[in-house]
Amino acid sequence: MNALRGMMWLLVFQSAGELLGRGLALPLPGPVIGMVLLLLALHWPVVQEPVAACAEFLLSHLSLLFVPVGVGVMTHLSLVSEYGIRMLAVVVLSTAAGLAVTVLTLHLLRDRHPVLAAATTPAKDGDV
């Protein structure tokens, strides 16, 4: 029953995000706004406990969520054989670009923020 309450909270925040996004004509998608609202609400136990139960249930059945993707690939196997190399190149390049942006952002933040600089600098032989 707690997992159902968690699913209810997830749907409430997604719906609230959709309403805010469309109602205020925000440049962010509704589910993203809903996730930010959910992140803020997770500080309250009345939201945190049911959402945790729902997350455990969904994660235990995560492999089922890949079945539609596998069926889609099998259905469109001719497209995959025709454009497979291009799709692989796009996935590899976009992953590399995402990693590069993440590393550059970390380096910029580390250079500007003393706490991050201290946390990411390797310890020397006499340091504790």
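**Entry 1: the whole chain**

Accessible areas here come from the Shrake-Rupley method with a 1.4 Å probe, and for residues only the protein chains shown count as cover.

A note to myself on the model: it is predicted, so local features need pLDDT of at least 70 and side-chain atom pairs count only at pLDDT 80 or more, while totals for chains, interfaces and linings use all residues. Residues are numbered from 1 along each chain as its sequence is written, and side-chain values use heavy atoms, with hydrogens and water left out.

Next I went through the secondary structure. I found six helices and zero strands in the protein chain, in the pattern α-α-α-α-α-α along the sequence. Helices (H or I, at least four residues) and strands (E, at least two) are DSSP runs, numbered from the N terminus.

I also checked burial. Of the 128 residues of the protein chain, 10% count as buried. Buried means under 20% relative accessible area, exposed means over 50%, and partly exposed lies in between (1.4 Å probe, protein chains only).

Then came contacts, meaning heavy atoms within 4.5 Å. Among contacts between residues at least 6 apart in sequence, 46% join residues at least 24 apart.

**Entry 2: helix H1 and its pairs**

I searched for aromatic pairs and found one in the structure. The rings of Trp9 and Phe13 have centres 5.7 Å apart and planes at 25°, so I noted the pair as stacked. For the record, rings of Phe, Tyr and Trp (its six-membered ring) pair if their centres lie within 6.5 Å; planes under 30 degrees apart count as stacked, over 60 as edge-to-face and the rest as tilted. Both residues lie in helix H1 (residues 2–23), four residues apart, about one turn of the helix.

Are the two partners buried or exposed? Trp9 counts as partly exposed because its relative accessibility is 22%, whereas Phe13 is buried at 12%.

I looked for salt bridges too, and a search of the whole structure gave one. A salt bridge is a side-chain nitrogen of Lys or Arg within 4 Å of a carboxyl oxygen of Asp or Glu. Here Glu18 pairs with Arg22, with the closest N and O atoms 3.1 Å apart. Glu18 and Arg22 are also both in helix H1, four residues apart, about one turn of the helix. Glu18 is partly exposed at 25% relative accessibility, and Arg22 is exposed at 71%.

Gln14 is another residue of helix H1, partly exposed at 36%. Which residues does Gln14 contact, leaving aside neighbours within four places in sequence? I listed Gly30, Pro31 and Gly34. Gln14 and Gly34 are 20 residues apart in sequence, yet 4.5 Å apart in space, C-alpha to C-alpha.

I stopped at Ala25, which sits in the loop between H1 and H2. Ala25 has a positive phi of about 50° although it is not a glycine. Ala25 is exposed, with 64% relative accessibility.

**Entry 3: the core**

Which residues make up the largest nonpolar core? I wrote down five in all: Phe13, Leu38, Ala41, Val47 and Val51. Helix H2 (30–41) and H3 are the elements that give two or more residues to this core. A nonpolar core is a set of buried Ala, Val, Leu, Ile, Met, Phe, Trp, Tyr and Cys residues joined through side-chain atoms within 4.5 Å.

Not counting residues up to four places away in sequence, Val51 touches Gly6, Trp9, Leu10, Leu38 and Leu42.

Ala52 lies in helix H3 (residues 45–60) and is partly exposed at 33%.

**Entry 4: the surface patch**

Last, I turned to the surface. Val69, Val73, Met74, Leu77, Leu79, Val80, Tyr83 and Met87 form a nonpolar patch with about 680 Å² of accessible area together. Helix H4 (67–75) and helix H5 (77–112) are the elements that give two or more residues to the patch, and H5 gives the most, with five. Patches are made of residues with over 30% relative accessible area and no salt bridge: like charges are joined within 9 Å, nonpolar side chains (Val, Leu, Ile, Met, Phe, Trp, Tyr) within 5 Å.

I picked out Met74, which lies in helix H4 and is exposed, with a relative accessible area of 58%.
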